[in-house]
Amino acid sequence: MSIFRAGTGSIRRRLTLQLLASAALLAVVLFVIVFNFARQIGAESQDRVLAASAASILEATAVQSGEIVIDIPYFAFSMLDNANDDRVFYQIAQDGEVLTGYDDLQTARGPGSAPNFATVAFRGEVLRVVTQTRRLSSDGRPVNVTVTVGQTRDAQAEVLNRISRMAVALGIGFFVVSALLAILAGRVTAESLSRLAASVSRRGPEDLRPVVADVPAEMRPLVRSLNAMIARLSGAFNRTEDFIAEAAHRVRTPLATVRAHAENTLRRVDREENRDSLREMIRAIDESSRAAGQLLDHAMVSLRVDQLELHPVDLHSLTRELADKLAPVAEMRDMDIRLNRMAGAEVMGDAILIQNALRNVLENAIKYSPADTAIDIDLQVRDHRAYVSIRDQGPGFRPGEASTLTGRFTRGENAAGTIGSGLGLTIADEVARAHNGQIEMTNNTEGPGACVTLSFPLR
Amino acid sequence: MRYAFFSLALSLLAGPLAAFELEERVLFDSPGEGPTLRILSTTDIGLMRPVIEAFLEENPEISIDYHAASSTEVMLALTEEAAEFDVAISSAMDLQVRLANDGYAQDHRSDATRGLPEWARWHDQVFGFTLEPATIVLSRDDFEGMDLPQTRQDLIALLRDNPEQFEGRIGTYDVRTSGLGYLFATQDARTSETYWRLSEVMGGMQARLYCCSDDMIGDVASGEIAMAYNVLGSYADARTDLHEDIHIIRPEDFTTVMMRTAVIPETAQAPDAAGLFVDHLIESSWAQENSSFSFLGVTPQGLAQSASLRPIQLGPGLLVYLDRLKRRQFLEEWSAALVQQPE
Amino acid sequence: MRFLLVEDNQQLAAAILDRLSLDGHVVDYAGDLDTADSFTSTTDYDLILLDIMLPDGDGRSFLEQQRSAGSNTPIIVLTARSEVSDRVGALDLGADDYIPKPFDFSELEARCRAVLRRHSGTSTNDKRFGNVALDALAGTLCVGDTTVTLRNRELRLIEVFFASPGQIISKSKLVDRLFSYDEEVSENAIEVYVGRLRKHLATSDVAIETVRGLGYRLAVP
């Protein structure tokens with residue numbers, strides 16, 4: 001099960017996407033603004049030319065001997081000529097009566113004498129028209145001359161087209177540049193996060209010093225909380241260690257006292273009933289002390305595995321040292337610990353944990369084998385792994401039993417009558433796993449007995 | 001000749017066929033299955049024949065029904081009558097522009113039209129395919145031993161100095177009836193005030209008014225009149241048989257250059273064939289080497305090199321003189337100048 | 001032998017003292033490091049049993065102090081901690097062995113013997129009975145000119161007899177001395193070891209006699 005909730009995504013991707021989205025939005029806004037501005041400018045310039053055309057016609061309008069005379073200047077229309085050959089329509093009216101031009105042309109109506117503009121449909125085309133009125137006096141009567149000039153909008157559309165193409169290019173260019181910047185920004189942000197992550201994950205498990213990575217101001221609260229958490233964690237580790245040590249002391253010392261007295265008493269007492277009771281008592285003490293010991297050991301092993309610190313470990317001398325330490329115990333049962341093929345092997349790991357794992361296996365071998373037998377230890381190297389195998393001449397494992405023995409508190413069928421908590425192989429298994437190693441339990445092929453092999457990758 | 005063609009007498013066409021007046025009709029019948037291209041033109045068939053024959057050479061499946069009429073009639077036929085023609089060819093640039101402006105023409109785009117200079121094309125609808133100057137044609141007999149007038153000022157001085165020699169022997173267009181004459185006159189008036197002075201001088205000498213360039217050239221060559229003003233140079237050039245009798249002068253102060261233009265009417269029944277024909281007109285006139293076109297009076301290169309050649313610009317400005325009021329005023333002024341003694 | 005026991009728990013200390021005295025050792029007892037210091041400055045010990053958690057300090061500092069002062073007296077650490085708890089192992093600081101509490105006296109004895117054997121090799125005071133000499137440290141038995149090396153259980157068994165020659169020792173007591181309490185053994189198991197010892201003592205003038213229904217006794221017949 002992952003400890004990360006799904007769907008939170010990557011900061012880099014999210015940031016990049018957000019920036020991209022805003023860049024796209026800005027590009028669209030930019031396009032709309034440029035496009036509208038261009039359309040307005042285009043429309044205004046067409047309107048200005050139309051108004052000038054109409055004005056020039058009105059200029060040329062006069063009253064001669066009571067009659068309206070209009071001499072349309074040549075440039076009134078030629079000024080409307082353009083590269084797109086826009087079509088031109090006009091109408092001149094006197095007091096609403098059409099004098100000349102296109103009779104059916106729609107005029108742009110509006111108040112006052114200022115030019116009025118309108119966009120109208122005419123003969124299947126859309127025209128921009130301007131209507132301007134001039135008041136003249138004929139025989140003392142006011143006469144209104146209205147000039148309407150219209151023009152198709154092909155040129156304007158063409159200009160608008162060109163500008164909108166440019167605006168699109170501008171928008172795309174803007175977007176591309178922003179996109180590159182967004183990706184860059186995403187990367188830079190993600191990098192400062194990765195730097196922090198790297199500085200945290202680079203450290204060893206026992207390194208609980210505060211993080212001092214150089215991070216942006218926004219990430220400082222994160223680092224502060226991280227450091228606070230590290231401090232709490234380190235405090236918790238220390239308290240746990242202290243607790244385990246204290247618990248061990250509190251449990252074991254009184255047990256040791258009682259046991260020692262019981263044993264001394266046993267030597268002095270002759271009556272068989274009393275001796276039996278004392279033996280029962282000692283056995284009970286041994287059972288509980290061993291259980292307590294292994295529980296505390298297991299807790300301690302788990303703690304160390306969680307903060308596993310890897311150092312080069314000389315597996316050869318470690319195994320030898322362990323055999324020496326346990327020799328007196330074996331001797332008490334007239335057993336020999338034989339170191340047979342002992343290759344040189346160096347692995348990476350926690351020496352105390354590895355020795356504890358081997359000790360649990362070796363103690364089991366001593367405990368479950370009959371007196372006057374030998375325990376064989378081999379250290380071999382093959383396929384870039386070191387194999388430590390401990391063979392006894394005890395009853396061996398029952399078929400199918402081997403794989404279950406590494407579970408907590410599981411004891412072998414043949415262990416009846418022998419004191420044990422069932423945690424020995426569990427500890428060995430945990431230690432092996434923590435070191436990318438393995439524990440393998442088989443029965444000897446030649447002769448009776450079990451063979452437990454711990455393997456670790458070589459350094 | 002592979003093509004059978006025949007002229008039909010005008011009378012045959014009278015009546016229900018058309019309300020406008022036809023001058024001439026020639027049918028170039030092709031044995032092919034292709035469409036018949038109906039052309040309405042102000043140009044005499046004689047001048048157009050080489051062009052048409054070259055076109056039929058290339059497009060043997062197409063037949064051509066060629067109608068000749070005056071420019072006013074062309075305009076009328078296409079606007080008022082809504083007659084169905086595939087190509088309208090006219091020397092009256094203003095009327096052609098008006099056709100297009102008022103929506104009676106359809107767009108045509110091809111490699112040939114794209115090759116045209118900007119000023120020889122309007123709205124992808126009006127295509128100029130000739131450059132024909134308005135010239136002064138003089139009778140060699142009358143000007144024997146005299147300095148030939150090179151400008152309008154020269155001409156005015158000459159007329160004033162020799163009123164008895166030119167009285168009643170000057171010819172020019174009757175702009176009231178000739179569309180081309182009106183176009184030339186209005187362009188002249190627009191370009192220079194000299195035109196009005198010249199008109200008044202000519203009017204004072206009882207100038208004779210003509211409908212057509214051909215008539216004027218004929219009369220000058222025959223010595224009926226001594227000079228004709230605003231005669232189509234291309235027609236004069238084309239009459240090589242008369243070149244011994246006439247001088248053709250392009251006035252140096254300015255020479256108005258007219259473009260003969262083609263339009264594909266909105267009502268065209270065979271627009272594709274019409275397009276091919278227009279392209280053919282453009283190619284055979286603007287491509288210099290194999291020009292089979294007899295009346296390309298001015299080359300585009302010559303136009304660029306000469307300051308006095310003033311081509312009439314295709315554009316909305318041409319609409320101004322078509323205005324009712326404007327035309328009435330112009331004709332009034334013109335009549336006042338040229339028709340001084342109405343009898 | 002002269003032992004020094006440094007242990008702050010008085011009840012436990014009393015039990016250990018009791019046991020070591022039973023086995024014939026001379027033991028000085030110190031309840032804290034201060035007292036231990038004053039003992040070591042005046043007396044040479046054959047072995048020191050050292051507790052780690054003491055009221056006035058850590059047993060390991062005493063250990064370091066001893067070793068840095070040049071003393072090579074064997075020291076066995078008694079610890080309530082397991083070795084996995086010790087960040088700095090006592091062995092690394094110069095202890096000869098350590099034994100976690102609670103412990104089996106037999107194991108303590110075995111460890112002491114192993115440590116002492118490593119240090120001096122032979123004991124200075126052999127135990128004699130008849131023409132038999134027992135070097136408990138080396139685990140050897142001399143009968144006349146022949147010396148045999150005893151197995152661990154044989155040694156412990158003959159030690160029991162040598163500790164109280166002539167006395168009848170019940171099979172039950174012998175079982176308790178020879179086997180651990182969690183082993184299910186019948187009293188007859190002891191006969192195997194008695195048989196082995198008799199073989200070693202065949203040429204000597206001592207014998208292990210069977211006292212029917214009561215046990216065995218070492219005697220000069």
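Predicted model: local features only at pLDDT ≥ 70, side-chain atom pairs only at ≥ 80, totals over all residues.
Two strands are said to pair if DSSP finds at least two bridges between them.

**First stop: the hairpin of chain A**

Select residues 61–64 of chain A, which form strand 1, and residues 67–70, which form strand 2; these strands pair in the antiparallel sense over four bridges. One bridge to display joins Q64(A) to E67(A), its partner in strand 2 of chain A. Strand 1 and strand 2 of chain A form a hairpin with two residues between them. In the turn, select S65(A), where phi is positive, at about 40°.

**Second stop: where chain A touches chain B**

Next, show chains A and B together. Here 17 residues of chain A are in contact with 15 residues of chain B. On the chain A side, colour helix 2 (74–78) and strand 4 (97–101), each of which supplies at least two residues. Helix 2 of chain A gives the largest share of that side, four residues. Coloured by class, the side of chain A that touches chain B shows eight nonpolar, four polar and five charged residues.

Now bring chain C into view. In this case 40 residues of chain A are in contact with 33 residues of chain C. Select helix 4 (220–268), helix 5 (272–306), helix 6 (315–332) and helix 7 (351–368) of chain A; each supplies at least two residues of the side that touches chain C. The largest share, 16 residues, comes from helix 4 of chain A. By class, this side of chain A divides into 17 nonpolar, 10 polar and 13 charged residues.

In soluble globular proteins, nonpolar side chains tend to be buried together. The largest nonpolar core in this model has 119 residues. To find it, select V87(B), V137(B), V220(B) and M227(B), the residues with the most contacts inside this core. Helix 12 of chain B, residues 271–286, contributes the largest share of the core, six residues.

Centre the view on V137(B). Leaving aside neighbours within four places in sequence, which residues is V137(B) in contact with? They are M216(B), I217(B), V220(B), M227(B), A228(B), V231(B), A236(B), I246(B) and I248(B).

Among contacts in chain C between residues at least 6 apart in sequence, 47% join residues at least 24 apart.

Then select K101(C) and P102(C), which are joined by a cis peptide bond with omega of about -5°. P102(C) lies in the loop between strand 7 (97–100) and helix 4 (105–120) of chain C.

Most residues other than glycine have a negative phi, and most peptide bonds are trans.

- Select N436(A), which has a positive phi of about 60° although it is not a glycine. Its loop runs between helix 8 (424–434) and strand 13 (438–443) of chain A. N436(A) counts as partly exposed because 13 other C-beta atoms lie within 10 Å.
- Select Q206(B), not a glycine either, with a positive phi of about 55°. Q206(B) sits in the loop between helix 9 (194–204) and strand 10 (208–210) of chain B. With 16 other C-beta atoms within 10 Å, Q206(B) is partly exposed.

Methods:
Residues numbered from 1 in each chain as written. Chains lettered and ligands numbered in written order. Contact = placed C-beta atoms within 7 Å. Nonpolar A, V, L, I, M, F, W, Y, C, P; charged D, E, K, R; others polar. Core = buried A, V, L, I, M, F, W, Y, C linked by C-beta atoms within 7 Å. Buried ≥ 20, exposed ≤ 12 C-beta atoms within 10 Å, placed from the backbone.
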